[in-house]
Amino acid sequence: MRVRTSWGSATDRGLVRSVNEDALLAYPPVFLVADGMGGHDAGDVASRLAVEEFAHLAGRTVASADDVHACFTRTAERIRDTFEGRAGGTTVAGVAVAEHDDGSYWLVFNVGDSRVYRVSEGVLEQISVDHSVVQEMLDSGELSSSQAGTHPERHVLTRALGTGPSPEPDYWLIPAGPHDRVLVCSDGLTRELDDDVISAILAEHSDPQQAAQQLVQRAVEAGGHDNVSAVVVDVATAVGDEDVHVTVPRAGAELAPSAWDEMLDGATVPRTRTTEVQP
């Protein structure tokens with residue numbers, strides 16, 4: 001059994017930031033969001049370095065934990081070499097199509113506070129766990145969920161890629177259901193929209209590109225205080241040579257043709273905008 005996917009992605013610099021420090025990779029078997037830190041010529045560079053390294057996996061059938069961890073390691077090394085002591089780093093959260101014991105799985109990975117959610121049987125569940133001071137306070141019972149959104153240290157991370165001696169990602173391996181939907185997003189989305197709103201938007205739009213665009217648009221309309229990025233991935237299974245779901249590269253597929261503006265739209269793979277869906 002193998003997994004076939006269709007996907008969509010969207011990103012916006014928001015209403016406050018002048019530069020989009022988010023970057024996306026949306027191409028099987030890997031889908032991720034990287035949220036850079038350090039400002040212009042730092043955060044935007046760090047997040048794009050992550051995209052460049054993980055893009056080496058694009059086009060494969062599956063990716064293993066070793067493959068993904070090698071990308072983390074190379075990205076961390078490139079960030080350190082590029083910045084030479086200057087401040088800069090990035091979160092990286094995403095999902096890869098993986099195989100284990102002849103079954104198809106989601107390999108979820110995360111460093112920082114970008115997130116991975118899964119919708120299964122209509123229920124939205126956060127898979128990744130934030131690496132943040134607020135999350136640690138929530139886990140210890142020092143803080144309630146209602147207090148977390150306004151806590152003065154809500155932006156403080158406990159882990160990020162490129163800021164420490166070696167990458168420390170978390171990994172989860174979960175079975176891929178035949179009708180799963182996965183959302184990968186930066187904190188610019190989750191700080192503007194609560195889980196109920198996110199779940200409603202994902203349920204309303206069956207097309208993953210429309211879902212991603214609506215999530216980002218609604219987050220910007222809600223305040224857009226940070227860069228906002230979303231990648232939505234749908235999955236179905238195919239047995240033998242009989243496909244029940246066609247893999248379609250949806251990134252930018254329904255947007256009007258224009259030059260890709262990485263300062264506005266973020267780095268992504270593929271970068272080219274087209275007016276027609278490519279088979």
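The paragraphs below start with the nonpolar core and then turn to the aromatic pairs.

This is a predicted model, in which local features need pLDDT of at least 70, side-chain atom pairs count only at pLDDT 80 or more, and totals for chains, interfaces and linings use all residues. Residues are numbered from 1 along each chain as its sequence is written, and side-chain values use heavy atoms, with hydrogens and water left out.

The largest nonpolar core has 21 residues. Such a core is a set of buried Ala, Val, Leu, Ile, Met, Phe, Trp, Tyr and Cys residues joined through side-chain atoms within 4.5 Å; buried means under 20% relative accessible area, exposed over 50%, partly exposed in between (1.4 Å probe, protein chains only). Among the members that touch the most others are Phe54, Phe72 and Phe109. Helix H2 (65-83) is one of the elements that supply at least two residues, and H2 gives the largest share, four residues. Helices (H or I, at least four residues) and strands (E, at least two) are DSSP runs, numbered from the N terminus.

The whole structure holds six aromatic pairs. Rings of Phe, Tyr and Trp (its six-membered ring) pair if their centres lie within 6.5 Å; planes under 30 degrees apart count as stacked, over 60 as edge-to-face and the rest as tilted. Phe72 and Phe109 pair edge-to-face, at 5.8 Å centre to centre and 85° between the planes. Because Phe72 lies in helix H2 and Phe109 in strand E5, this pair ties together parts 37 residues apart in sequence.

Phe72 also pairs edge-to-face with Tyr171, at 6.4 Å and 80°. Tyr171 is in strand E8 (residues 170-175), 99 residues from Phe72. Phe72 is buried, at 0% relative accessible area, whereas Tyr171 is partly exposed, at 29%. Phe54, Phe72, Phe109 and Tyr171 form one aromatic cluster.
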